[in-house]
Amino acid sequence: MSAAGFAGFARPDGRVGTRNHLLVLSVTGLTGPTGRRIAERVRGAVFAGTPYGSGLLGADKAAHLRTLEGLAAHPNAGATLVVGADPPLVEEIAEAALARGTPVAALTLDGAGHDALRLVDDGVRHAARLAKEISAAQRVAAPLSALVLGLECGRSDPSSGLVANPAIGRIADEVVRAGGTAILGETTEWLGAEDRIAARAADPDLARRLVDAVLARERQAVAAGLDLTGTNPSRTNIDGGLTTIEEKSLGAVAKSGESPISGLLAYGEAPAGPGLHLMDAPAYAPESLTGFVAAGATLNLFATGVGNSFGSVLVPTVKITGNPDSARRLGTQIDVDLAAAFTGEETLQEAARRLLEAMRATASGAMTFAEILGDGEEVIARFGASL
């Protein structure tokens, strides 16, 4: 396969974005509606936020803050408008973005006299100024090594493990070989494939930590009295033809290809360097994708069996299927149809080559159906109770 690069947006800190969004980021639940109104009134703006605010504790609070900072400073955000009802938090998030060179404006509900309508008016004016500023940015040639891939699957069936996920794995290997980065999450979907994952770890300590992460998730389920049968695989997976978590996991792990595993990331944690990294994170696609985005993923490859329209709002999410029926039914949701490899009309290598070209085109500006239809959101995972 060709290792040619793509056309992206060079950022001051050396990263390369695949999009040049104006991000309106609400960092408290009280200002979510305000942030959405601002984004709706400014062309080219996208909204991300959290329904939560004060009362977060410990590791949950740390993960929440890390994720918000990752979103604010994301390379796909040409500029960020931070709004919130907690002035110190707004300032902290804005400073994190500024430290990466992202143009930022920060507004608080307090600064608007606790008048949400005034905050909308102020926000639209600041957002318009930022949008004008970033509109002059031009795409430049970038190597494949500048990509950071998020590797996801959802509503899987046998075609996912046989075609779509292995094709994604070949692309992940291509990007990693070129010096780029790929991130695989969904820890519960390593269950049953731990030995294969551990064997690819860069060192014995990492191998142990990967296995421990899987065991910790399994123990959580047991402690909660949860039987993973019927939960993971879900009823949709079972109806599609998957019968056990081991069957699902072996297919899911195929997205990671065959590259050595360089590290284990916490939720939303940015990799320290290139290579293949695993993220200890929830398996639910909205939370999983946002973990990748906060970690710096600039393009998501998302395999689906029976169909899944969800995507990130900040990062183009390429939907891929090897299921002929799904490809036929979901013509305006599936971006890359690999069904020919499932029916034997082309080889997996040929399918992966087509996927690589679609990925490069998307990274260079071609829109996904999720972007066109507005099926994007960011959903930050929670890891504890609030006060």
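The structure is a predicted model, so local features are kept only at pLDDT of at least 70 and side-chain atom pairs only at pLDDT 80 or more, while totals for chains, interfaces and linings use all residues. Residues are numbered from 1 along each chain as its sequence is written, and side-chain values use heavy atoms, with hydrogens and water left out.

Start with the nonpolar cores, meaning sets of buried Ala, Val, Leu, Ile, Met, Phe, Trp, Tyr and Cys residues joined through side-chain atoms within 4.5 Å. Buried here is under 20% relative accessible area, exposed is over 50%, and partly exposed lies in between (1.4 Å probe, protein chains only). The largest core has 50 residues, and L149, W190 and M359 make the most contacts inside it. Its largest share, eight residues, is supplied by helix α5 (residues 158-177); helices (H or I, at least four residues) and strands (E, at least two) are DSSP runs, numbered from the N terminus. Neighbours within four places in sequence aside, M359 has contacts (heavy atoms within 4.5 Å) with L144, L147, L149, I171, V175, L299 and L301. A second, separate core of 36 residues takes in L23, M279, A295 and V313, among others.

Next comes helix α2 (residues 58-72). Its buried residues are D60, A63, H64, T67, L68, G70, L71 and A72, and their cover includes β3 (21-26), β5 (77-84), α3 (87-99) and α10 (285-294).

As for T298, it sits in the loop between α10 and β12 (299-304). T298 counts as buried because its relative accessibility is 2%. Not counting residues up to four places away in sequence, T298 touches V16, T18, H74, P75, N76, L147, V148, V315 and P316.
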